[in-house]
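Dear colleague,

I am handing over the structure we talked about. Please look through it first; my notes on what was found follow below.

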Amino acid sequence: MNPSISRTRSRSMIALAAGALISLAPVVAQAMSIERVISPGGIEVWLVRDPAVPVVAVEFAMLGSAAQDPADKPGVANMVASTIDEGAGSLDASAFHDKVERKAIELSFRAGRDYFRGTMRTLKENRDEGFDCLRLSLNEPRFDPESVERIRAQLVSRVQRESMNPNDMANRHWWATAFPGHPYGRPVEGTVDSLSRITIDDLKFFTRHIMARDNLKIAVVGDIDAETAGKLIDRTFGNLPTKAELTPVPAIVPQGLGRKIVIKLDVPQAVVNFGAPGITRSDPDFMAAYIVNHILGGGSFSSRLYREVREKRGLAYGVSDTLIWLDHTALILGSTATRADATGQTIEIIEHEIRRLADEGPTEEEFDKAKTYLKGSFALGLDTSNRIASQLVQMQLDNLGIDYIERRGAMIDAVTLADSKRVAKRLLDGGMLVTVVGRPEGVTSTEAGELAASPALSKPDQGPPSRGH
């Protein structure tokens, strides 16, 4: 699901600690000890301590991101994420970059649809300087004209490049059709036109009015104690506004089910995106839907779609789908790429397998294998301090509880085969919206006329790539 530009600096020295970072994963996976820390200023932090790892990683998320962009200026949040570390406080861009390089500090910011997220990681010996650089970026970004124009040019170039990329085209048309007139239908990265109209005042407004503490989630992982973490968190985030000034975002269900939209582009393969309404993370049926989706297309080499499209017929290199949940919608979204002359056949097979799973549900063998895999594979996503911190933040955003990792296996075990059959019907029986880019054969567009490739928009963001199911 990809996403906005992420500015990352100073990886060379941190790479020296890679072995230590990876060694943390088995420890956390086997016995994740998560502390709920309340800072002296009242900010909640989830902390995983490990004195054996000479690294400190911080991940945070704040509600209010691309969905808060002005309707006529999509791309503001993403431009903030791309410029917020281009100089801060008394340090211009060159001086700021020099400091993070010399101190082996890694900073990264990214704008999703609902949440503005950031990461800081550094060696323990440079911990205080790392937190200070993060504090400066969040509280005192400079937005110097020269830096803003340089980043604007980079973003425009990227949007122009992606606007004729078939994967990006299929994706953005899917989102624009599924969410017409809604913030989720607008491109996170903006358009060439909107990027040209975003002002420095727009960037400053976002940091002063959207970024705040009332919907802030933070995780810290590494060699740091609770008292020190609390003090540094207060110093870093304590001066942000208490409450964000957010425009309400309405709930919406993906639209356009039953439609097929063909965008003509002279490329060798046809790219296909397909999707439908999903199930929210808070829904009691979510775990059953998670298992069903794994069986359908989320299980890589073991999924029905992969087996039928790739293994049996060799129509595509890969095909997959995933569950996506945002604050105001949920969906199941998949994609593949195939030969132009096989496009119609490929879509027919995908639709057939979706209907078959909706009507019959999983087999007992598929169901048991999926549950075993999903229970055992979770720890593989906890192989670095950054991933652990990101997972802890996502758990907070999803209101899963601090003991979720301990309960997760039992939650999967509690799903019955009957549950999976019922939820397969609920999840997959409503039809799909399909977008196709290329010169497909055997596909009839439901639109009045053919759509031509247009460089108007850029790729929408789908949220974090790892959601910690």
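Helices here are DSSP runs of H or I with at least four residues, and strands are runs of E with at least two, both numbered from the N terminus. This is a predicted model, in which local features need pLDDT of at least 70 and side-chain atom pairs count only at pLDDT 80 or more, while totals for chains, interfaces and linings use all residues. Residues are numbered from 1 along each chain as its sequence is written, and side-chain values use heavy atoms, with hydrogens and water left out.

Two residues with positive phi

Asparagine 399 lies in the loop between helix 14 and helix 15 (404-413). Its phi is near 55°, a positive value in a residue other than glycine. Asparagine 399 is exposed, with a relative accessible area of 68%; exposed means over 50%, buried under 20% and partly exposed in between, with a 1.4 Å probe and protein chains only.

Phenylalanine 143 also has a positive phi, near 50°. It sits in the loop between helix 4 (127-139) and helix 5 (145-162). Phenylalanine 143 is buried, at a relative accessible area of 3%.

Helix 14

Helix 14 covers residues 385-397, and its end C-alpha atoms are 18 Å apart, in agreement with the 18 Å that its 13 residues should span at 1.5 Å a residue. The expected span is 1.5 Å times one less than the number of residues. Of the 13 residues, 12 are buried, among them Ser385, Ile388, Leu392 and Leu397.

Helix 4 against helix 9

Helix 4 packs on helix 9 (residues 226-237) at about 30°, with the axes 8 Å apart. Axes are lines fitted to C-alpha atoms, for helices over the stretch in contact, and angles run from 0 to 180 degrees between N-to-C directions. The two helices are therefore roughly parallel, a term for angles under 35 degrees. On the helix 4 side the contact (heavy atoms within 4.5 Å) includes Arg127, Phe131, Leu134 and Leu138, and on the helix 9 side Leu232, Ile233 and Phe237. By class, the contact has six nonpolar, three polar and four charged residues. Ala, Val, Leu, Ile, Met, Phe, Trp, Tyr, Cys and Pro count as nonpolar, Asp, Glu, Lys and Arg as charged, and the others, Gly among them, as polar.

Helix 5

Glutamine 154 is in helix 5 and is partly exposed, at 38% relative accessibility. Between glutamine 154 and serine 82 the C-alpha distance is 9.7 Å, with 72 residues separating them in sequence.

Regards

Technical notes
Parallel < 35°, antiparallel > 145°, perpendicular 65-115°, else oblique.
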